[in-house]
Amino acid sequence: MNKITILWVDDEIDLLKPHILFLEGKNYEVITSKSGQEALEELAHTRVDIVFLDENMPGISGLETLNEIKIMDSSIPVVMITKSEEELIMEEAIGSKIADYLIKPVNPNQILLSLKKNLDHSRLVSERTTANYQQEFRKIAMDLSNVNSIDGWVELYKKLIYWELRLEEIEDNGMFEILESQKIEANNQFGKFVDKNYADWFIGNDGPVMSHTLFKEWVKPELAEGPTLLVVIDNLRYDQWYAFEDIVGSFYKKNKEKSYFSILPTATQYARNAIFSGLTPLDMQKKYPEWWKNDTDEGGKNLFEDKFLETQIKRLGLTLKWEYHKISSIKQGKQLSQNFRSQKDNDLTVIVYNFVDMLSHSKTEMDVIKELASNDKSYRSLTQSWFKNSPLLEIIQQAQGIGMKLIITTDHGTINVKQPSKVVGDKETSLNLRYKTGRSLTYEEKDVLVAKDPKKIYLPSINVSSSYIFAKNDLFFAYPNNYNHYVSYYRNTYQHGGVSLEEMIIPFIVLNPR
């Protein structure tokens, strides 16, 4: 391991010999300069890791030297050392992005602490994070073998996300691979849990809040407390919410964070219509056949969300002034942002924002997006970048100014699919990569959750003998015809419709204006 090299600049450097010997005894290499000019000449041909810089020197001052160092290489951390505690000098130094500020006389331990803070911080954080995850790994492994409740799965999934974000910061590939293996095992076990319990969630009161009960159970109570902006960001996962939570936090403070479960299929046509109608897909088909479209029907599948919402509001006996807006383009978003103050008298303003869904699907179509969102980390980063520059953020800022409560949620999540699973169906079989519905489906039993009688999970049938299959974990369905091309095209893309923690467990966030 290479020694850390320090450049110490002080016109009285000879008096600091004990400090230098102390650091050399700690395996640091120390280069000395007696003036700012000498230091700049040294830096012109020597690579150093950190500079200790005396502020009060003859010739060019410490602050002037600091400015020159930052011009030469802005990444070098500079620790300013001075006898003066004058506020002006401190402000100038801090404004010039010093790494630390020490007042003379300094002792060796102060120097050592500053070095560790500025140079060893990343290593120390990395070591502590790795050690903590190694300890947590065993607990997660035990939980995986025992978890058998809705709340238990929510807690475990959020724990996995927490460690994914922590390990991402330190870029420890070895630990990250271990975490990925735990996520795969978690999804394997979660698939079994859903397979065993899903049908029962529609009966009685033991199931979680789901798409069709979300508005009644969680949105309705919030409406009694004043004007509310409900934002449904299509296809938003928990980790993507965490990616821009701090940005929202500049305008809103979080009041509640809860998790609900998307119905199957975890697809917009089913889950989002269920949110707005307050009905299962089977009941939507029965009660509103003119608005419900099956997979093989022609036309858009989510064209009547406002109509569905209107019927639900009436059914719940709510007297509200409300508006519904669907945003599918930047132009639409900007138009709503420019006119948003017109919403100030509404009890409820609903915005469906389709951008994340468009992003995930465009990833399968556009090479550029495939590069920008090649994994979960970059997908989160891309989502954050979009949100920072989106009309949605402008709308949220305006909602805060009006004093609106804010609810952010989604209809389902998405998963990066890695492995193909062969399936065969007739020409009427649905096209989604994570679920299929149709007659005479042939599939790998171990890869899917099967609903041979769709009515048991409140899904409509295209015809009498139709069934549904849902892909588990990170699998995607592929037909034997032209199999290799198909697999190559869709592998490592973001899809939804199946059974996974990422698709089914999704955020419901209530925020109050700051």
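**Overall picture**

Tutor: The accessible surface of the protein is about 23600 Å², and 49% of that belongs to carbon and sulfur atoms (areas by the Shrake-Rupley method with a 1.4 Å probe; for residues, only the protein chains shown count as cover). This is a predicted model: local features need pLDDT of at least 70, side-chain atom pairs count only at pLDDT 80 or more, and totals for chains, interfaces and linings use all residues. Residues are numbered from 1 along each chain as its sequence is written, and side-chain values use heavy atoms, with hydrogens and water left out.

Student: How many helices and strands does the protein have?

Tutor: There are 20 helices and 19 strands (DSSP runs numbered from the N terminus: H or I of at least four residues for helices, E of at least two for strands). The C-alpha atoms fill a box of roughly 95 × 55 × 40 Å along the principal axes.

Student: And what share of the residues is buried?

Tutor: Of the 514 residues, 54% are buried (under 20% relative accessible area; exposed is over 50% and partly exposed in between, with a 1.4 Å probe and protein chains only).

Student: Which residues have the most contacts inside the largest nonpolar core?

Tutor: Trp153, Phe190, Val194, Tyr198 and Phe470, in a core of 98 residues. Helix H7 (residues 150-170) gives the most to this core, with 10 residues. A nonpolar core here is a set of buried Ala, Val, Leu, Ile, Met, Phe, Trp, Tyr and Cys residues joined through side-chain atoms within 4.5 Å.

Student: What does Trp153 contact, leaving aside neighbours within four places in sequence?

Tutor: Its partners include Leu144, Val147, Phe190, Phe193 and Leu501 (contact means heavy atoms within 4.5 Å).

Student: Switching to charges: how many salt bridges are there in the whole structure?

Tutor: The search finds 31 (a side-chain nitrogen of Lys or Arg within 4 Å of a carboxyl oxygen of Asp or Glu). One of them pairs Lys104 with Asp10 at 3.0 Å, N to O. That pair links distant parts of the chain, with Lys104 in the loop between S5 and H5 and Asp10 in the loop between strand S1 (5-9) and H1, 94 residues apart.

Student: Where do Asp376 and Arg237 sit?

Tutor: Their side chains meet in a salt bridge at 3.3 Å, N to O. Asp376 is in helix H17 (residues 376-388) and Arg237 in the loop between strand S6 (228-233) and helix H10 (238-248), so the pair ties together parts 139 residues apart in sequence. Both residues are buried.

Student: What about Lys301, which is buried without a salt bridge: what is the nearest side chain of opposite charge?

Tutor: Asp297, 6.7 Å away (Lys and Arg count as positive, Asp and Glu as negative; His and the chain ends are not counted). The Lys301 side chain does reach the backbone oxygen of Asp297 at 2.9 Å, and the backbone oxygen of Gly299 lies 3.2 Å from a polar atom of that side chain.

Student: Back to Lys104: what kind of peptide bond joins it to Pro105, cis or trans?

Tutor: The bond is cis, with omega about -5°. Leu264 to Pro265 is cis too, with omega near -10°.

Student: Last one: is Asn473 buried or exposed?

Tutor: Asn473 is buried, at 8% relative accessible area. It has a positive phi of about 50° although it is not a glycine, and it lies in the loop between strand S16 (467-471) and strand S17 (475-478).

Conventions
Polar contact = N/O pair within 3.5 Å; in protein donor to acceptor, adjacent residues only side chain to side chain.
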